[in-house]
Amino acid sequence: MSEYDFIIIGAGSAGSVLANRLTEDGKSKVLLLEAGGSDRNFWIQMPIGYGKVFYDKKVNWKYTAEPDPALGKRKIYIPRGKVMGGSSSINAMVYVRGHQQDYDDWGQTAPGWRWPDVAPIFKRMEDWSKGADDLRGAGGPLSVQDISNQVHPLSRTYLKAAEQAGIPNNPDYNGAKMDGSCLYQITTKNGLRASASRCYLRPAKRRNNLDIQLKAQATRIILNGKQAVGVEYKQHGKLKSATVRHEVILCGGAINSPQLLQLSGIGSGELLKDLAIPVVHNAPEVGRNLQDHLGFDHTFRSSVPTLNQILRPMLGKIRVGMQYLLTRKGPLSLSLNQGGGFTRVLENADRPDIQLYFTPLSYTRAPAGKRPLMTPDAFPGFLMGFNPCKPTSTGYLQIRSPDPFEAPEIHPNYMSTEHDRNLMIAGVKLIRKISQTPAMKAIIEHEISPGANFTTDAQLDQIIRENCWTVFHQCGTCRMGTDKSVSVVDERLKVHGIGGLRVADASIFPSIPTGNTNAPAIMVGEKAADIILEDLRR
């Protein structure tokens with residue numbers, strides 16, 4: 001048994017940040033536990049390689065939700081990173097801060113988290129390739145790239161079509177205004193993925209006061225009464241433990257963090273008693289408020305070449321492979337989500353309510369267990385998709401047993417509100433509107449899926465339920481707030497009712513941000529470090 005000043009559980013988006021920031025002064029001794037292994041994997045480092053790790057159990061928790069009643073009892077697959085960098089090592093790298101109003105909403109329940117509080121943190125963590133200005137940062141640890149000079153030509157066609165549909169181009173959706181069509185900014189550097197591990201952990205790895213233990217899965221938080229005093233974990237088949245002088249910081253993400261709290265006796269007293277787990281603190285909100293973005297794709301057959309004609313033929317694979325190896329450029333150095341944007345479809349919306357995606361590639365016949373980004377359709381095709389930005393459906397998750405190695409039950413409860421159902425239908429109609437613009441009609445042969453024969457709201461509702469998918473933005477399961485009856489942690493990320501224990505990851509989001517969740521998760525890590533170091537100095 002060893003003793004540390006801080007123990008961080010999870011080397012993901014927020015955990016990597018905390019490991020760096022809490023060891024910068026060389027004084028605090030920090031243990032970082034990661035259930036997965038190293039991120040030195042070619043398919044992780046090559047940006048488009050996320051298609052390969054989508055189902056790879058060596059770096060992915062590979063969760064599956066319970067049958068969802070609203071989706072015809074389909075079991076939605078939920079990939080989450082089980083590797084250094086967490087999901088920032090396996091995601092599609094799209095960088096979105098979120099809408100300013102999102103954080104003003106957070107600040108209403110958690111003082112100190114309004115947009116003026118977090119905007120400077122976003123700015124300082126960025127290394128934006130187009131340089132700093134009043135809102136954007138340069139020189140920070142997280143590399144964010146403008147890809148406007150590298151995208152497939154069809155991405156520009158998409159921008160023209162979006163403008164014809166009434167969605168003007170926005171050159172920087174992370175700037176003063178979020179609304180508009182765009183080419184996405186991605187977290188890469190010199191043609192490699194810029195994960196939280198690469199940007200935050202690697203610079204800190206050689207510090208003598210940082211102890212990183214891989215393949216070390218936390219099994220429970222050790223509590224003395226209602227005070228966290230250490231962590232028990234299993235590594236290479238052996239059960240080990242470490243004690244802490246100051247705090248345990250839980251950074252396991254929206255699924256693993258509430259799971260570990262429940263395993264440690266912090267959760268619904270009724271659930272814990274049913275599983276014969278001693279109740280340390282009755283906290284029914286642990287695992288509740290699960291939120292996610294639900295997406296839906298349209299597949300179109302194109303009359304002009306797409307990435308399909310580059311990435312499918314063997315000769316094409318060889319060419320782009322050599323291009324990438326020699327120059328770190330080309331299609332393999334990018335995300336496939338090249339275009340997109342944020343727009344409003346509901347009257348009186350106070351921020352964008354639909355996020356758009358354009359992918360100059362299609363894979364309509366993907367076999368089960370595969371995501372063939374390198375084996376797209378034989379014909380020229382592309383995808384246009386969307387997700388509602390602020391869904392009102394919420395779900396929950398809970399452990400099945402006291403076994404820490406058994407995956408929890410996950411109940412997303414998708415499309416359970418009329419608001420969400422209406423937005424999904426509105427999203428389909430918006431994609432159809434874009435596809436009917438002169439710019440798109442000039443390149444579209446026909447709509448492959450869902451197909452032009454689906455036109456009524458009832459038909460669209462049914463096809464959406466049968467084919468929608470998670471956009472992998474699970475959050476909110478240990479939500480933050482001052483009201484102990486509806487939150488798990490306070491505004492300083494301390495677990496209500498427990499001393500020496502904080503949570504810092506996407507699980508603390510009071511509400512889901514407008515857009516992709518990785519940038520906000522990294523911001524949480526930065527702000528958590530500020531808060532912890534401030535408390536340490538008191």
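Visitor: Where does E66 lie in this predicted model?
Guide: The model is predicted. Strand β3 covers 63-64 and strand β4 covers 77-78. E66 lies in the loop between β3 and β4.

Visitor: Is E66 buried or exposed?
Guide: Buried means under 20% relative accessible area. E66 has a relative accessible area of 18%, so E66 is buried.

Visitor: Which residues is E66 in contact with, leaving aside its neighbours within four places in sequence?
Guide: Two of them are R74 and K75.

Visitor: What is the phi of K73?
Guide: Most residues other than glycine have a negative phi. K73 is not a glycine, yet its phi is positive. The value is about 60°.

Visitor: M415 has a positive phi as well, of about 50°. Where is M415, and is it buried or exposed?
Guide: M415 sits in the loop between β21 (409-411) and α12 (418-435). Its relative accessibility is 3%. Because buried means under 20%, M415 counts as buried.

Visitor: Which peptide bond is cis, with omega near 0°?
Guide: Most peptide bonds are trans. P450 is found in the loop between β22 (444-449) and α14 (457-467). The cis bond is the one from S449 to P450.

Visitor: Where is E285, and which side chain makes a polar contact with its side chain?
Guide: E285 is in the loop between β15 (281-282) and β16 (294-302). At 19% relative accessibility, E285 counts as buried. Its contacts beyond four places in sequence include T477, R479 and S485. The polar contact, at 3.0 Å, is with the side chain of R479.

Visitor: E247 is in strand β13 (residues 238-250). What is the distance of the polar contact between the side chains of E247 and R502?
Guide: E247 counts as buried, at 12% relative accessibility. Leaving aside neighbours within four places in sequence, its contacts include D5, F6, I7 and R502. The polar contact between the E247 and R502 side chains is at 2.7 Å.

Visitor: I498 and I266 are 232 residues apart along the chain. What separates their C-alpha atoms?
Guide: I498 is in the loop between β23 (469-470) and β24 (501-503). I498 is buried, with a relative accessible area of 7%. I266 is among the residues in contact with I498. Their C-alpha atoms are separated by 8.8 Å.

Visitor: E285 and V53 are also 232 residues apart along the chain. What separates their C-alpha atoms?
Guide: Take the C-alpha atom of E285 and the C-alpha atom of V53. The separation is 32 Å.

Visitor: Which way do the side chains of strand β2 (residues 30-33) point?
Guide: In a regular strand the side chains alternate between the two faces of the sheet. In β2, all four of the named residues are buried. V30 and L32 point one way, and the other way point L31 and L33.

Visitor: Which residue of β10 is the bridge partner of L31?
Guide: Strand β1 (residues 2-9) runs parallel to β2, joined by 4 bridges. The chain crosses from β1 through helix α1 (residues 13-21) to β2 in a right-handed β-α-β crossover. β2 also pairs in the parallel sense with β10 (residues 210-213), over 4 bridges. In β10, the partner of L31 is D211.

Visitor: Within what arc do the buried residues of helix α5 (residues 115-125) fall?
Guide: The buried residues of α5 are W115, V118, A119, I121, F122 and M125. They line one face of the helix, because, seen down the axis, they fall within an arc of 165°.

Visitor: What radius of gyration does the protein have?
Guide: The protein holds 15 helices and 24 strands. Of its 538 residues, 61% count as buried. With 538 residues, a compact globule would have a radius of gyration near 24 Å. The protein agrees with that, at 22 Å.

Conventions. Residues are numbered from 1 along each chain as its sequence is written. This is a predicted model: local features need pLDDT of at least 70, side-chain atom pairs count only at pLDDT 80 or more; totals for chains, interfaces and linings use all residues. Side-chain values use heavy atoms; hydrogens and water are left out. Helices (H or I, at least four residues) and strands (E, at least two) are DSSP runs, numbered from the N terminus. Buried means under 20% relative accessible area, exposed over 50%, partly exposed in between (1.4 Å probe, protein chains only). A polar contact is a pair of N or O atoms within 3.5 Å; within protein, one must be able to donate a hydrogen and the other to accept it, and residues adjacent in sequence count only if both atoms are side-chain atoms. Contact means heavy atoms within 4.5 Å. Two strands pair if DSSP finds at least two bridges between them. A crossover is right-handed if, with the strands pointing away from the viewer, the path from the first strand over the helix to the second runs clockwise. The arc is that of the directions from the helix axis to the C-beta atoms. The radius of gyration is taken over C-alpha atoms; the globule rule is 2.2 Å times the number of residues to the power 0.38.
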